[in-house]
Amino acid sequence: MYKVFLFVLIFAIAKPGIGQELYCTVQISAQQDYGSDRTLYNTLQTSLYELMNNKKWTNNIFRIEERIECSFMITIQNKTSDVFDAQIFIQSSRPVFNSSYKTQVFSHLDRNLRFEYIQDQSLDWVENSHLNNLTSVLAFYAYIIIALDFETFQKGAGAPYLDKAQAIVNNAQNDPRATGWKAFESDRNRYWLLENLTNARYSGLKEAMYSYHRLGLDNMYDNQEMGRQAVVDALMQLQRVYNERPNLFMLSVLLNSKSDELVRMFSNAPNMQKSRVVQILTNIDAANASKYNRIIQSQQQSGGGGRP
């Protein structure tokens, strides 16, 4: 009988490297008996935690409070000798100006993770190389997280880190055992996630992220109406992307990351704005239409409300 074991390491005393960019938690769950694998999974988790939190991913210096909060949840689905088949769930968030609220920026389940690992194996990632598929995948998402975070503060600021992610994709092409890197394998994998973010046809994705966060959420404290309108403008930018390419992979990733927040934000908005937002969202994200319809169903409260 299979049991699910979750190994969660809490490093309350561990200090990340000076100026390090990420404040990252790593969890590994295994759908198999504890048995002799307990030490192996704990060792693997420790190594990945240290990689993500101690490596310098950019040349920027981050203060402790500026680090990007993120998490990686790896679920082992099958193990044959030293080969693991797994999926990885990645999330990142950033603070909203003048509030204690943190908004989710990126949330994605990658179902295509195959890697090799032996007990006490050294795990590192070296730029411009593909030494280990697991560390390449984590490095890829580290740069996606950093790029998207930068884009929410300044237009185009994430470009250098998308270039880093592109180099990782390129270096992984010749690995016959790795999955999720090649265009022909699927239209919803790491290759296409990055392609969507770097293709000029879909530049509205990153422009919308800037409008949503920097012009929208960050202004909610001072002027809720203006901030909420900036979010509407961001949704209109996403609608233009949708019209260019319906069912774009990165568009669905972005909307899945924001759907719950959008419902909270607009449930107490003026009725006309509610109708406009629901019209846009049910058009570009039909899979979550029932969720967005709750915006219309909610009762408008006096005094506005509507913070995320």
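A polar contact is a pair of N or O atoms within 3.5 Å; within protein, one atom must be able to donate a hydrogen and the other to accept it, and residues adjacent in sequence count only if both atoms are side-chain atoms. The model is predicted, so local features need pLDDT of at least 70 and side-chain atom pairs count only at pLDDT 80 or more, while totals for chains, interfaces and linings use all residues. Residues are numbered from 1 along each chain as its sequence is written, and side-chain values use heavy atoms, with hydrogens and water left out.

**Overall make-up**

- The chain has nine helices and five strands, where helices (H or I, at least four residues) and strands (E, at least two) are DSSP runs numbered from the N terminus.
- In sequence order the elements run β-β-α-β-β-β-α-α-α-α-α-α-α-α.
- The chain has 308 residues, and 51% of them count as buried; buried means under 20% relative accessible area, exposed over 50%, and partly exposed in between (1.4 Å probe, protein chains only).
- The accessible surface of the chain is about 14,800 Å², with 49% of that belonging to carbon and sulfur atoms; areas come from the Shrake-Rupley method with a 1.4 Å probe, and for residues only the protein chains shown count as cover.
- Of the contacts between residues at least 6 apart in sequence, 69% join residues at least 24 apart; contact means heavy atoms within 4.5 Å.

- Helix H2 covers residues 133-151, and its 19 residues should span 27 Å at 1.5 Å a residue, which agrees with the 27 Å between its end C-alpha atoms; the expected span is 1.5 Å times one less than the number of residues.
- H2 is mostly covered, with 19 of its 19 residues buried.
- The N-terminal end of H2 is capped by Asn 132, which has a side-chain oxygen 2.8 Å from the backbone nitrogen of Leu 134.
- Helix H7 (residues 249-266) has 18 residues and reaches 25 Å from first C-alpha to last, close to the expected 26 Å.
- H7 has a kink of about 50 degrees centred on Lys 258; the bend at a residue is the angle between axes fitted to the seven residues ending there and the seven starting there.
- H7 is also mostly covered, with 15 of its 18 residues buried.

**Cysteines**

- The whole structure contains zero disulfides, a disulfide being a pair of cysteine sulfur atoms within 2.5 Å.
- Cys 24 is in no disulfide, and the nearest cysteine sulfur to its own is that of Cys 70, 3.6 Å away.
- Cys 24 counts as buried because its relative accessibility is 2%, and Cys 70 counts as buried because its value is 6%.

- Asp 175 lies in the loop between helix H3 (159-172) and helix H4 (190-198).
- Asp 175 counts as buried, at 11% relative accessibility.
- Its side chain makes a polar contact of 2.8 Å with the side chain of His 130.
- Apart from neighbours within four places in sequence, Asp 175 is in contact with His 130, Asn 133 and Lys 182.

**Leu 235 in H6**

- Leu 235 is part of helix H6 (residues 224-244) and is buried, with a relative accessible area of 2%.
- Beyond its neighbours within four places in sequence, Leu 235 is in contact with Leu 262, Val 277, Ile 280 and Leu 281.
- The C-alpha atoms of Leu 235 and Tyr 212 are 8.0 Å apart, and the two residues are 23 apart in sequence.

- Ser 92 is in strand S4 and is buried, with a relative accessible area of 4%.
- Not counting residues up to four places away in sequence, Ser 92 touches Glu 69, Cys 70, Thr 103, Gln 104, Val 105, Phe 106 and Ile 145.
- Ser 81 lies in the loop between strand S3 (68-80) and strand S4 (83-95), has a positive phi near 60 degrees without being a glycine, and is exposed at 54% relative accessible area.
- Asn 98 lies in the loop between S4 and strand S5 (102-116), has a positive phi of about 60 degrees although it is not a glycine, and is partly exposed at 41%.
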